[in-house]
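I opened my notebook to follow a few side-chain contacts and then one piece of sheet. Here is what I looked up, in the order I went.

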Amino acid sequence: MRLTDILSANHLWMSRLNQGWTTVLLSAGRSKVRTYEWATSAALSFLCIAFALPTAQAMDAGAAEQTQFWGVSMRSSKGTWAVDSRLGAFDIGRDTLHSLAGGEQGEGVLLSPAFAAPEDKIRLMVRGWSGSDGEREACYVELVDVLSETRLRHAPAPLTTDHPREVVWDTADIAGRKVRIRLTDRDSAESFAWIALDGIDAGQAFSWDAAEGCTLDGWVLATEEASPESEAAWLEGLPYLNEGSRLRAEGRGGRLAVGGARVRRLYLFGMSHTTDIGTLLWHYPSDYSMRFFAGDALGDLVVHYSDGRQEAYPLVLGDTLFWSDRFHNYPEPFASDEAKQEALASAMRLYPATPLESGFRMGFIELDGEQIDMVELRDLPEKGSVPIVEAVTLETLSGDTPAGEAVPLEAKPYSASLARFLETHAITLCPEDRAERIHTVRNLLYTTMENLPDELPLDIPDGYGGPNVLFEGDRYADILTNAFYHNLADMQVKADPSGLYRESSPYSASYGGYVGFGTFSVGPSPYRDDCWSRGAGRALQEFLAFGYQEETSVCMDWCFEQARLWDAPENDHLRWNGVRIPAHWSRNLAYPVVGEHLGVFENDGHGMLMLVAYNVWRRLQPDERENWTRRWWDDIVDAAEWIIWQFENPEVFGTGDVLRTDSECNYMIGVGLGYGHSIYADYPCMEGLLRFAEIADDAGEDEAARRWREWASHMERGINKHYVQGDGEANPKAWTLWHSGWAYQSALLAPLIFLPDTRGMLPEDDRCEWRAINEASFQRLIDKWAGNGDPSDEWWYLSHEVPLYEAPSRHFPVRGNYSVAMGYGQAFVTQAALLLDRMDDAEPMIEWTARAIYDADYEPFIVPEGVETCPDGTAWFRTGDLGNGFQQAETMKTIRLLLGIDDTQVTQLRLVPRMPGNWRRMSVEEFPAWVDPGDGVRRYELQYTLERHSDGMSLSFQSDQPLPPVAVRLGPLGGTPNTVSHNGEDIPFEALRSGDSKWVRLDLDSGLTQGHVRVLW
């Protein structure tokens, strides 16, 4: 107890004593009375202090003679259910009734008003999920009989990825019966766990449409949802009213009448927020309404005094609010680091710092016995989450009873830690140390520019056996060096000896699923037994390029065998609308399934695996190629013909000039995941047909080669017709944003970022007619996410994006940061910048790649699935699963582009490194390259050292055997080159400008086993 509390508690007693003596001594004169009152008051005060200090804790624990505790609750009207337009990761543009008011984990049952079943049909528009494959079946809509509550009709959540689907029930046999619509969400999972209803059309009997302003008047929570009777509970001696279920006091109307009672302290229980997330899954990059960081204000607790004053106490994440269930389920690094626990407890104004199993905490406000009329909880409308107060305890002065349905409570002796907390951690109006304390919390939760090390030692995992790489120059070079070793070692773990390439490492960290806030848990990974065609298509490509030829071949063999499952006679369940479809690679090779939006037609993954198969083939010796082709020829044909079959059977899935694909590459934030057309799917399939034609040529299968090249040409014409927007004049031609998936719409970069897989790493490897389109598309993308686009221009912004652009919560990502998804965002955009030789753009992207990877608390160099960044770019945290297959592999491809060992030209080796301007050295050892010197493909083991000097650059290289012709391109240069030498002799060279940088290019004859090139400017 504070000294002021002791004096306040004794003030009434001393006043009564003084009043008695004043009556007796009035005749002695007013001045003597004043003197005596002061002396008596002072003496008694010191006596009270002397006797009260040893019992301060006991008084706080419930000295009922001075104060009384009262429990009250604040509740929202429908709990889990809400009517608004915010659904999942975006604003859908129309109101709908959904079960996301309390986040995906919220559960509930809601009943419509009763009506008479019509004579013909009831039509509903329903959205939602219950598991990504519908496997949990815990979200559904029913038609029930009012009297018996018997289910008459039923429909599960329709797996629509936020799109509405029509449900039609024939009611002729029950016409006239009193019925209700019952919405049920019994799915407490963290994702794919909600249901929504747009509208009901039961003819004249009943009509309801959320978008037409219909309210929830007449709708009721099912009786099973009613809270049990309130009962007293205690937080280490401090009483509160336990309602038996989580109650959310939402700021919109969250008020508590006090009625003029004198309140010593106001205790607030809950202190989390309704969504309880750090961010939504790969949310729209510039919309921060659904991104939550320590330091974000979500509302105020407003105290209305009886004298008319108001005081607003800020409710700030990391100070007076925190995450609850999300922290309880993902408690690391705090659960295993006592020092971090103590630091968090000291910094926040919440108790306890680590959550109870119930998920809530307590905060309190000192009100010093002032008369309070009302307490109001207000939220900030620009943020998509609302503060939660589950219960309120008022500690009033003795004799004062709050207004409303307050329940008297009795305190118990406080724990020592709670007593210390009450001494020092009151929530105050404008604490001078709040910024410092939140700064502490941010450094505990996130990686920050402050706790990012200036340099890091070389760290190679035990047992590593791949190429050696070293980047030197700054801390980002250090991080990427270590990231190369650790992620390549982790990729080895994913390549199971059975041939399964796991999408996740068997055991790793999850950072709150896709909605975490920086903490994590370690356990079995969510995708450890899955093989996603897109993930394997990228990972095996990189695995092979880094030298793991045998392991890649084993995995590719397994992939061929899994494709056969689709046309195996015993697999009648693998039919699409009754049609048996050919062998191919669908979304999950380990568990192929049929159903809407389950990836039966995931053409991007299929095309990528074709490119892996081609690269396995081209690295084989002639006799090995012949055997390999003979063994897998039927499967090679199946893979190529799957693409053509879709064009020849448009009635099956709607393929037209271009493929129709079911894939995340069609996923647009704000529109959703649906079937559509994406150049990210068409390009690898087109390229796959061309490369399989090479295999057919080599095998003497001339007719197959001709057919596949013709269909590749057909696809190229479709791409030019369907995906190019702009007239080339007022609006430069660029790849369309429509159905250009992932957070930054980066799927439109496909024709550029697939080049290194089969064509090469230099600008001339691009199709000349597409080079300008690729450049314009890249420029549009980076301008858009830098905030330089005009939202009224349809070439820059799709219609659904304009409200997000204008929202008050808008923040554009800092330059170079696209890490919402590490592969689909950061890697794609960085690779595009490198391949366009836009080094001024690429260098901050490379820095952000390194920043996003590093985390000191756990596996500091493994690539996370994604990263969320504070608006000012000073702090960031991991999301998703650590070492996610696709994101990891695309990051490794980015590193491969920096190294620039290019063996795609078959008969020529190219060394085309791109060294960031602030690095001084890059070196590699035992790096493989496969080139044909004229007598069959050979594997070469290479090493080189590239150095930047004050007046030039130098490249020293060496091979384990004589090399075929070598083309070298060095840069970016710090000036215009004037001389280039090889092994000390001046040689011809070409000086060029590409992208935004200067380069030098030269050709070296065959037969070299070593060389030293020096460029002077």
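Entry 1: I began with Glu602 and Arg587, whose side chains meet in a salt bridge with an N to O distance of 2.7 Å. I am working on a predicted model, so every value here is computed. I looked up where the partners sit: both Glu602 and Arg587 lie in the loop between β27 (579-580) and α11 (603-618), 15 residues apart. Are these two residues buried or exposed? I found that both Glu602 and Arg587 are buried.

**Entry 2: the network around it.** Next I asked which residues are linked with this pair in a network of salt bridges. My list reads Arg534, Arg587, Glu602, Asp604, Asp662 and Glu664.

Entry 3: I then turned to Lys721 and Asp657, which form a salt bridge with their closest N and O atoms 3.0 Å apart. The two residues are 64 residues apart and link distant parts of the chain. Lys721 belongs to helix α15 (residues 702-722), while Asp657 is in the loop between α13 (650-653) and β28 (661-662). I checked the accessibility of each partner. Lys721 has 60% relative accessibility, so I filed Lys721 as exposed. Asp657 has a relative accessible area of 35%, so I filed Asp657 as partly exposed.

Entry 4: For Asp935 and Arg938, I read 2.7 Å between the closest N and O atoms of their salt bridge. Asp935 counts as exposed because its relative accessibility is 52%, and the cut-off for exposed is over 50%. Arg938 is partly exposed, with a relative accessible area of 29%.

**Entry 5: strand β38 and its partners.** I moved on to strand β37 (residues 938-949), which runs antiparallel to β38 and is joined to β38 by eight bridges. A hairpin connects β37 to β38 through two residues. Looking along this pairing, I found Leu946 opposite Leu955 in β38.

Which other strand is joined to β38 by bridges? I found strand β44 (residues 1010-1016), also antiparallel, with seven bridges to β38. There I noted Gly952 opposite Leu1016 in β44.

How many of the eight residues of β38 are buried? I found six, so by the cut-off of under 20% relative accessible area, strand β38 (residues 952-959) is mostly covered.

Note on methods: Residues numbered from 1 in each chain as written. Predicted model: local features only at pLDDT ≥ 70, side-chain atom pairs only at ≥ 80, totals over all residues. Heavy atoms only, no water. Buried < 20%, exposed > 50% of the residue type's maximum accessible area, 1.4 Å probe, protein only. Helix = DSSP H or I, 4+ residues; strand = E, 2+ residues; numbered from the N terminus. Pairing = 2+ DSSP bridges. Salt bridge = Lys/Arg side-chain N within 4 Å of Asp/Glu carboxyl O.
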